[in-house]
Amino acid sequence: MASSNEYRKLSIKDALKAKKSFVKDAIETINELDKNIKAFITVNENAQDVPGNFSGIPLAIKDNIVVKEMKTTCGSKILETFVSPYDATVVEKLKKAGFSIVGKTNLDEFAMGTSTEYSAFYTTRNPWDLDRVAGGSSGGSAAAVASGEVVAALGSDTGGSIRQPAAFCGVVGFKPTYGLVSRYGLIAFASSLDQIGPITKTVEDAALLTQIISGKDPRDATTVEKQIDFSKYIGKNFKNICVAYPEEVFAEGIDNEIARKFEEFIKFLESLEISVKKINFPELKYAVATYYIIAPAEVSSNLSRFDGIRYGLREEKEGLLETYLETRKNGFGPEVIRRIMIGTFTLSAAYYDAYFERAQKVRRKISSKINEILSNYDFLITPTSPITAFKIGEIKDPLVYYMMDIFTIPANLAGLPAISIPFGFSNNLPVGMQIIGKRFDDAKVLGFADFIEQTSPYNTNGRFPTPLEEEEK
Ligand code: GLN
């Protein structure tokens with residue numbers, strides 16, 4: 001038992017130093033803990049060591065990223081039995097580096113959601129409080145890392161799905177600049193926003209994984225040729241830099257406790273001799289509305305491939321149209337259907353100008369504004385989420401639910417790198433702070449986050465505690 005507790009605290013860096021395999025520890029720990037946490041949809045009981053520099057280190061992959069010969073369900077009935085014949089580029093790279101994929105993690109169906117409550121299978125529980133959600137959509141990955149079932153995991157982020165669950169679970173979640181990581185093998189949600197990234201216990205691990213999974217890929221035309229040393233600023237001092245925060249942060253339905261934590265975060269940065277300036281970002285209030293037009297529009301197109309003919313579920317009926325209709329009606333859950341309907345509507349000839357085209361213009365305005373802010377400041381900071389992890393079943397109104405993405409969406413609309421790092425607690429639940437940087441400034445975002453991680457009063461041994469460590473205190 002003691003040795004498995006040690007396993008649960010390991011970062012990638014620690015696991016490397018130990019020079020032994022933790023693959024068995026991972027499977028045992030998952031089998032023991034996941035009855036309660038439900039982070040996994042598939043566990044690879046036969047996972048083996050893989051040769052490479054990172055041999056023996058177990059990782060989990062969000063279940064919308066394909067792994068050869070494993071199921072990829074996307075948290076949906078429509079893909080419940082789908083087994084991928086190939087590896088996503090990121091998975092291929094991780095395997096080449098020696099990592100073992102020990103399982104696929106739960107998510108909101110097709111990554112549409114903020115809590116995994118929209119998974120067709122079950123809701124992942126927050127390791128800090130099992131009555132609460134782990135966040136989403138990469139809630140399974142975040143819970144698996146926070147609980148110590150795996151050393152690290154991959155998620156995907158379209159409007160905050162890496163950063164928000166990382167914040168809810170007290171771990172690090174990084175969304176790289178759009179175009180740095182190949183999405184080949186990621187089941188598309190909203191292609192102009194989707195990005196794969198790491199969920200880890202430390203910032204240093206996030207830099208390390210991003211280094212491995214990034215790079216130009218001829219199979220994803222949005223990827224760019226760019227040599228970045230993601231660990232370049234790890235361990236560096238960031239004092240004397242200048243960061244900005246939008247004053248609108250305090251207006252956007254933010255929980256009082258989070259507002260207080262954010263003020264404390266600002267004071268903490270100032271104590272590190274960082275200049276923190278309040279700026280105006282009035283466009284912020286349009287971010288959610290803009291996202292919830294653009295993302296569903298792309299969904300309505302991307303999800304048309306699930307027709308009962310090519311992949312997964314088929315509800316055989318008399319005619320082709322009836323087969324399509326029956327398959328999609330039974331295969332998709334209510335949130336996915338809602339988004340397909342919104343997207344189909346906003347793209348329809350009569351409404352295209354009023355909604356889709358307009359949203360594209362507003363997207364451009366929001367992007368220009370953030371880029372303008374970032375031309376004057378090193379980083380933009382906000383809380384990651386306006387609230388902490390909520391109780392399962394607590395939020396029923398989809399509009400309230402959508403507003404939770406207010407601070408994370410702008411980085412997706414503008415394609416910028418953004419990270420969530422834990423900074424203390426509110427009512428015994430972790431609180432995440434977000435750092436957004438300039439396009440391709442990923443190494444600096446990671447470096448600054450590492451600097452905060454090393455100096456934060458809430459951290460011991462250079463990182464935020466896991467629930468296990470907190471319990472042991
Ligand atoms: N919560 C947002 C949504 O529901 C973002 C999800 C994501 O980033 N995949 O669309």
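Buried means under 20% relative accessible area, exposed over 50%, and partly exposed in between, using a 1.4 Å probe and protein chains only.

## The model

This is a predicted model: local features need pLDDT of at least 70, side-chain atom pairs count only at pLDDT 80 or more, and totals for chains, interfaces and linings use all residues. Residues are numbered from 1 along each chain as its sequence is written, and side-chain values use heavy atoms, with hydrogens and water left out.

## Helix 5

Helices (H or I, at least four residues) and strands (E, at least two) are DSSP runs, numbered from the N terminus. Helix 5 spans residues 139-147 and is mostly covered: nine of its nine residues are buried. They are Gly139, Gly140, Ser141, Ala142, Ala143, Ala144, Val145, Ala146 and Ser147. Gly148 follows helix 5, with a positive phi near 85 degrees.

## The annotated active site

The unreviewed UniProt entry carries the annotation "active site" for Lys62, Ser137 and Ser161. These residues are spread over 100 residues of sequence, yet they cluster in space, with a largest C-alpha distance of 10.8 Å. UniProt positions are in the numbering used here, feature names are shortened, and annotations may be inferred rather than shown by experiment.

Lys62 sits in strand 2, residues 58-62. Lys62 is buried, at a relative accessible area of 0%. Contact means heavy atoms within 4.5 Å. Not counting residues up to four places away in sequence, Lys62 touches several residues, including Lys104, Ser137, Ser141 and Ser161.

## Ser161

Ser161 lies in the loop between strand 6 (152-157) and helix 6 (163-169). Ser161 is buried too, with a relative accessible area of 6%. Leaving aside neighbours within four places in sequence, its contacts include Lys62, Ala111, Gly136 and Ser156.

A polar contact is a pair of N or O atoms within 3.5 Å; within protein, one must be able to donate a hydrogen and the other to accept it, and residues adjacent in sequence count only if both atoms are side-chain atoms. The side chains of Ser161 and Ser137 make such a contact, at 2.7 Å.

## The ligand

The ligand is surrounded by 15 residues (each with a heavy atom within 4 Å of it). The closest are Thr158, Gly159, Ser161, Tyr291 and Arg339.

A polar side-chain atom of Ser161 is 2.7 Å from a ligand nitrogen atom. A polar backbone atom of Ala111 lies 2.8 Å from a nitrogen atom of the ligand. An N or O atom in the side chain of Tyr292 is 3.1 Å from a ligand oxygen atom. The protein covers 99% of the 290 Å² of accessible area that the ligand has on its own, by the Shrake-Rupley method with a 1.4 Å probe.
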